[in-house]
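Hello,

Here is the structure I promised to pass on to you. Please open it alongside this message, and I will walk you through what turned up.

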Amino acid sequence: QIELLALASGPMVCTLPVSRDHLRQKISHSLASLRADVQVPGEESYFFVLEERASGRLLGTAAIIAQAGYREPFYAYRNDILIHSSRALQVHNRLHALTLAHELSDHSQLCSFYLDPEWRQGHWPQLLSLGRLLFITQHPQRFAPDLAAVMPGVADGQGRSPFWEQVGRKFFGIEYNQVEYYHGTRNRTFIAELMPHHPLYVSLLAEEAQAVMGQVHPDASLQFELLVEQGFEADDYIEIFDAGPVLTARRALLQSWQHSRVSPLVAVEPLHQPIEAGQTRYLLMNDQLENVRALVAPLADPQQSPLVLSPELARDLGVR
């Protein structure tokens, strides 16, 4: 089922490549990370799936890499302003330039987000995307104080990226889809070997490349909005292949960090009053690792301590 989701995600989600061996490694690495006793972030990664409990069908995927550049640098283009001036000619120009940078290497990275298009309405995107942030809040020692998330940039249905055509292709000589597959299945040394290390002056790029810089692919707009609402910002970096925005945030400033709470004891009993339609829904997660579970559900009294859950909710969360 994960293979089918990877196939449907296309080249936009390079961290979910259509490679059975790579997906097996991704799953086994996640299981090993959840079992490990971690005090500081390192090579761990955590892979989550969205499951429809009644059928067992998988609807989406999401992941966290504990340290984006643990084994090799994590590259992005940094938006810089270079000053060119001449006192003699009385000229002072501020020029937008892109500089290949790897200072995001020590960030924890949100990645591998894909959700079946039929399930993008309602609260399923929040559960899949923001559930990761609640997991980080639950286990802060496993993650860096700063987070990053790469958003897919603009590309058409045939996989043509305007930014890649005007920049990357000139240095790599291969198709956009192919380089994204390499990015998801190989180490990143090829980036350092082939990408230009001098600043790229944006004004020298073709207009179609400039127009898509920092723009999100329409299929990723919902994920982008969810993270921005949480406190992520998109001003400083863009992705090196398709120029999609790279979101960054201090985890301590995120909504999920500031407004989540732990209920140390859960009472399980049938609800005496029915949940009313339109009642506020809450993101709930247990405090486990190997058996981590999260769901979205309305609560009769979310401020109650101990928190009272119905037997059905307690069962689905794996708590007693």
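Which residues does Ser105 touch, not counting residues up to four places away in sequence? Keep in mind as you look that this is a predicted model. The residues that Ser105 touches, with that exclusion, are Gln67, Ala68, Gly69, Tyr70, Pro73 and Phe74. You will find Ser105 in the loop between β4 (91-101) and β5 (108-115). Its relative accessible area is 13%, and because buried means under 20%, Ser105 counts as buried.

Another loop residue worth a look is Thr15, which sits in the loop between α1 and α2. Thr15 has 19% relative accessibility, so it falls under the 20% cut-off and counts as buried. Leaving aside neighbours within four places in sequence, Thr15 is in contact with Lys26, Cys111 and Ser112. Thr15 and Ser112 are 97 residues apart along the chain, yet 5.3 Å separates their C-alpha atoms.

In general, two packed helices are described by the angle between their axes and the distance between the axes. Helix α1 (residues 2-9) packs against helix α2 (residues 20-35) at an angle of about 115°, and their axes are 11 Å apart. The crossing of α1 and α2 is right-handed. On the α1 side, the contact is made by Ile2, Glu3 and Ala6, while α2 brings Arg20, Leu23 and Ile27. Sorted by type, the residues of this contact are four nonpolar, no polar and two charged.

Next, the empty space inside. Rolling a probe the size of a water molecule over the atoms shows where empty space is left. How many cavities of 30 Å³ or more are there? The count comes to two. I looked into the second largest cavity, which has a volume of about 30 Å³. The residues that line the second largest cavity are Leu133, Ile136, Thr137, Leu147, Arg251, Leu254, Ser256 and Trp257. Two helices, α3 (124-138) and α9 (255-259), each supply at least two residues of this lining, and α3 gives the most, with three residues. By type, the lining divides into five nonpolar, two polar and one charged.

Helix α4 (residues 162-172) also deserves a moment. Its buried residues are Pro162, Phe163, Trp164, Glu165, Val167, Gly168 and Phe172. Just after α4 comes Gly173, with a positive phi of about 70°.

Last, some backbone angles. Most residues other than glycine have a negative phi.

- Is Gln90 buried or exposed? At 75% relative accessibility, Gln90 counts as exposed, because the cut-off for exposed is over 50%.
- Ala243 has 0% relative accessibility, so it counts as buried.

Best wishes

Notes
Residues are numbered from 1 along each chain as its sequence is written. This is a predicted model: local features need pLDDT of at least 70, side-chain atom pairs count only at pLDDT 80 or more; totals for chains, interfaces and linings use all residues. Side-chain values use heavy atoms; hydrogens and water are left out. Axes are lines fitted to C-alpha atoms, for helices over the stretch in contact, and angles run from 0 to 180 degrees between N-to-C directions. Helices (H or I, at least four residues) and strands (E, at least two) are DSSP runs, numbered from the N terminus. A crossing is left-handed if the near helix is turned anticlockwise from the far one by less than a right angle, and right-handed if clockwise. Contact means heavy atoms within 4.5 Å. Ala, Val, Leu, Ile, Met, Phe, Trp, Tyr, Cys and Pro count as nonpolar, Asp, Glu, Lys and Arg as charged, and the others, Gly among them, as polar. On a 1 Å grid over the protein atoms alone, a cavity is a set of points where a 1.4 Å probe fits but cannot get out, and a pocket is an open set with protein on both sides within 12 Å along at least five of seven lines; lining residues have an atom within 4 Å of a point. Grid points are joined across faces, edges and corners, and a volume is the space filled by probe spheres set on the points. Buried means under 20% relative accessible area, exposed over 50%, partly exposed in between (1.4 Å probe, protein chains only).
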